[in-house]
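Subject: Handing over a structure, with notes

Dear colleague,

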Amino acid sequence: MSEQAAQHHDRHHGGSIPGGGTGGIGSGIRGDDAASIWDERYRTKPQMWSGKPNPQLLREAGGLKPGKALDLGCGEGADAIWLAQQGWTVTAVDVSAVALERAHSHEKAALARESVHAADGAIASRITWQQADLEQWQPEGAFDLVTSQFLHSQELAWQGPLRTAAAAVKPGGTLLVVGHHPDRLPPWGASHHNHRDMFYTGDELVRELGLDGPGWQLEVLTSRERPVTGPDGEHATIADVVLRATRLT
C-alpha cells in the first residue's frame, strides 16, 4: 500500500489469522475469508490509497543498489512500482485480488508512460504480482530487499508475516519494516486504538524478529513524526516506527 488519500498510511492487508477487528484477536479467520473481506473493502472505493510510494521507503531504500525485492502486503502497488522504476525486480504479494488487479493496471499505465520516452519501445515489467494469505505464504528464494510498509490488520497478526519477511532476506540484504507507533495513532482512528496488538514499537519488532542476535546489524531503529490530515480535514501529528537492518549471515 501507499499512503491513503487522507495522508494516513495504512497497509491493513495480509491474510488469515487472528488479528482483531473483523473477528478479533484469536478469531481464526481463514485466508479465503480475509481475501473476501479485503476485496470487498477495495470495491467500496475506486482508489483506496494515494498512489504515491511511502516516504520512509524512499528515504531508506533510495540509496540501495537494486536487486531482487519482496514487497509484503503491496496493496495497490505504488511501492512495488517505484522499486521497479529504480531497477529492482520485485515480487509483490497481497491477500486481495482486487488490490492486485488495480496494482497491475497502475503498473501498465506507468510502463506505457515510460515507453513513450524509450528509444526502443515498450518497457518490460519488473514486477510479479502474487495473491496469497500472508500467514501461510512462504517466498521462493531470498531477496536483497524485503519491505513491509504498514502491515496492520484486524484479520492478520503481524508477527508471523514479518518473521517470514526477515527470513527471506539474503546475507548482505536489507529488511525494512515501517508501521504506526501504537502510542501515536491519529485521533480519528479510535476503533484501531482498541486493537493494540495490530501495532508494534521498534523494540517489539527487534525482539519478535530476533534482530538483536549476531546475524543482524541494525542500521535504523527510530520513530519519526509526520503531520497527517484526516478524512474530515482534521490535522494531527503521528509517528512511524522505522526499522532497517542488514542480514550479516
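Two strands are said to pair if DSSP finds at least two bridges between them. With that in mind, and remembering that this is a predicted model, one can look at L72, which stands opposite V93 in β2.

Helix α3 lies across β1, β2, β3 and β4, and runs at about 155° to β3.

β1 also has strand β4 (residues 143-149) as a partner, in the parallel sense again but over three bridges, and here D71 stands opposite T147. Because four of the five residues of β1 are buried, this strand is largely enclosed by the rest of the structure.

These pairings belong to an open sheet of seven strands, whose order is β3-β2-β1-β4-β5-β7-β6 and whose pairing is mixed. The edge strands, β3 (127-131) and β6, each pair on one side only, and neighbouring strands of the sheet are turned against each other by 15° on average, with direction ignored. Helix α7 packs on this sheet, where it touches β5, β6 and β7, and its direction makes about 30° with that of β7.

Which residues of helix α7 (residues 202-209) are buried? They are G202, E204, L205, V206 and L209, and the buried residues of α7 pack against α5 (159-167) as well as against β5 (169-180), β6 (216-229) and β7 (235-247). Just after this helix, G210 takes a positive phi of about 65°.

In soluble globular proteins, nonpolar side chains tend to be buried together. In this model the largest nonpolar core has 27 residues, and those with the most contacts inside it are L70, V146, L162, L175 and L205. At least two residues of this core come from each of β1, β4, α5, β5, α7 and β7. If its neighbours within four places in sequence are left aside, L205 is in contact with W158, L162, V177, Y200, V241 and L243. Apart from this core lies another, of 23 residues, and among them are L57, L176, V178 and V220.

With best wishes

Conventions: Residues numbered from 1 in each chain as written. Predicted model: local features only at pLDDT ≥ 70, side-chain atom pairs only at ≥ 80, totals over all residues. Heavy atoms only, no water. Buried < 20%, exposed > 50% of the residue type's maximum accessible area, 1.4 Å probe, protein only. Contact = heavy atoms within 4.5 Å. Core = buried A, V, L, I, M, F, W, Y, C linked by side-chain atoms within 4.5 Å. Axes fitted to C-alpha atoms, helices over the stretch in contact; angles between N-to-C directions.
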